[in-house]
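Visitor: I'd like to learn how to read the packing of a protein model. Could you walk me through it?

Guide: Gladly; let's look at it together.

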Amino acid sequence: MLDIYAGSNALKIIQEHGFKQELFTNFLGASGGPKWFTLFGLDKYLFGDFFKSRSTELNIIGSSAGAFRAACFAQKDPVAAISRLADRYAHTVYSDKPSVADISQSAVDMLDHLFGKTGISEIINNDIFKAHFIVAKSKGLTSYENKLAQGTGLLASMLLNKIDRKLLAFQYDRYIYRPSSSQLTINDPYNLPNHYIDFTKDNIGKALLASGSIPLVMSGIKNIANSPKGTYRDGGIVDYHFDFSLQHEPIANKSFESKNKTQGLTLYPHFTPTPKAGWFDKNSSRKVLAKNYENIVLLVPSAKFIESLPYKKIPDRNDFKNLDADTRIKYWLTVLSETDKLADSLNELIVKQDIDKIKAFIP
């Protein structure tokens with residue numbers, strides 16, 4: 001049911017030490033909207049069992065849907081939080097022709113449901129599970145709400161990315177919202193500008209909303225507190241599935257000692273074995289760099305598992321258009337239930353330490 005891939009260094013370490021939670025210092029959550037439903041069982045298992053007794057920090061980095069998941073994992077009861085999010089998202093219903101304002105308001109309501117009464121303070125003050133939300137700050141035409149201007153800017157982004165991913169720096173800056181105690185930094189070979197902003201009660205909600213604000217579909221988020229003025233959009237624009245490495249080092253003006261002195265492995269539940277760097281790479285032949293995946297372990301639903309699902313596919317946003325609400329909700333709830341099989345597969349591998357089933361990740 002589950003395929004596991006490991007980068008060259010990660011595979012070597014796991015072969016030497018076994019598959020243990022203490023090997024991991026980072027966790028990645030990708031963009032992809034309802035595609036993440038295929039990871040629901042894994043999410044519950046990993047944060048309800050595998051990492052449950054964690055005593056050292058785990059940096060959880062997410063963009064878009066991955067950021068929403070990160071916000072759940074950093075709450076006091078992560079299984080309850082991720083279950084609230086999955087149930088709310090699965091039952092989302094739009095009108096036949098929802099406006100940008102309608103979809104944006106639905107996301108605000110979902111975010112409020114995710115946080116509950118105490119979620120914001122729990123995330124900000126969690127010393128073990130540290131959520132990081134990736135957001136793309138738009139520049140030029142991509143910062144406009146007018147669809148013609150924004151669409152023209154996005155077309156330019158696509159062309160720039162086709163020439164060289166580095167050129168996206170002309171249109172986007174990467175913003176990472178995180179706890180003030182975080183020492184995590186992103187090492188991007190494509191040199192997109194990184195900006196680190198500490199969580200506050202005034203900015204965490206808008207930062208999370210921005211990370212999932214899909215261009216042309218939702219409104220950009222303006223002027224997030226403690227951040228430069230401007231328009232902030234979906235983190236998946238720059239980091240759809242990620243193509244960077246992570247470092248753990250003291251940041252200027254941080255006057256504390258971290259519980260983790262070294263950078264460990266990164267656990268990455270994902271819905272595909274072929275990750276793409278950014279949003280504009282979805283239909284591109286460009287592969288992620290092997291060096292950026294040396295320390296990553298990918299947990300991926302197998303082709304056999306996907307074949308067993310209704311419609312023989314994983315959920316996606318097109319289901320809103322292609323299926324009536326009742327059919328879609330039944331389909332999505334079935335997928336959520338079926339993903340417990342993935343958790344069972346991972347648990348079996350960990351209990352048996354059946355390391356030989358882990359495959360080398362080759363981009």
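Guide: Let's begin with a term: contact means heavy atoms within 4.5 Å. Keep in mind that this is a predicted model.

Visitor: Which residues does L46 touch, leaving out those up to four places away in sequence?

Guide: L46 has F27, F51, K52, L267, P269, L299 and L346 as its partners.

Visitor: And how do I read a nonpolar core?

Guide: A core is a set of buried nonpolar residues joined through side-chain atoms within 4.5 Å. Here the largest one has 82 residues, and F19, L46 and F133 touch the most other members. Helix α3, residues 65-73, gives the most to this core, with seven residues. Another core, of 26 residues, lies apart from it; A30, F280, V300 and F361 are among its members.

Visitor: What share of the 363 residues counts as buried?

Guide: In this chain, 56% do.

Visitor: Why does the radius of gyration agree with a compact globule?

Guide: A compact globule of 363 residues would have a radius near 21 Å, and the chain has 19 Å, so the two agree. The C-alpha atoms fill a box of roughly 55 × 55 × 45 Å along the principal axes.

Visitor: Which residues form a nonpolar patch on the surface?

Guide: L155, M158 and L159 do, with about 270 Å² of accessible area together. L155 sits in helix α7, residues 147-163. L155 counts as partly exposed because its relative accessibility is 45%.

How values were computed. Residues numbered from 1 in each chain as written. Predicted model: local features only at pLDDT ≥ 70, side-chain atom pairs only at ≥ 80, totals over all residues. Heavy atoms only, no water. Patch = residues over 30% accessible without salt bridge, like charges linked within 9 Å, V, L, I, M, F, W, Y side chains within 5 Å. Areas by Shrake-Rupley, 256 points an atom, 1.4 Å probe, with all protein chains shown as cover. Salt bridge = Lys/Arg side-chain N within 4 Å of Asp/Glu carboxyl O. Helix = DSSP H or I, 4+ residues; strand = E, 2+ residues; numbered from the N terminus. Buried < 20%, exposed > 50% of the residue type's maximum accessible area, 1.4 Å probe, protein only. Rg over C-alpha atoms; globule rule 2.2 N^0.38 Å.
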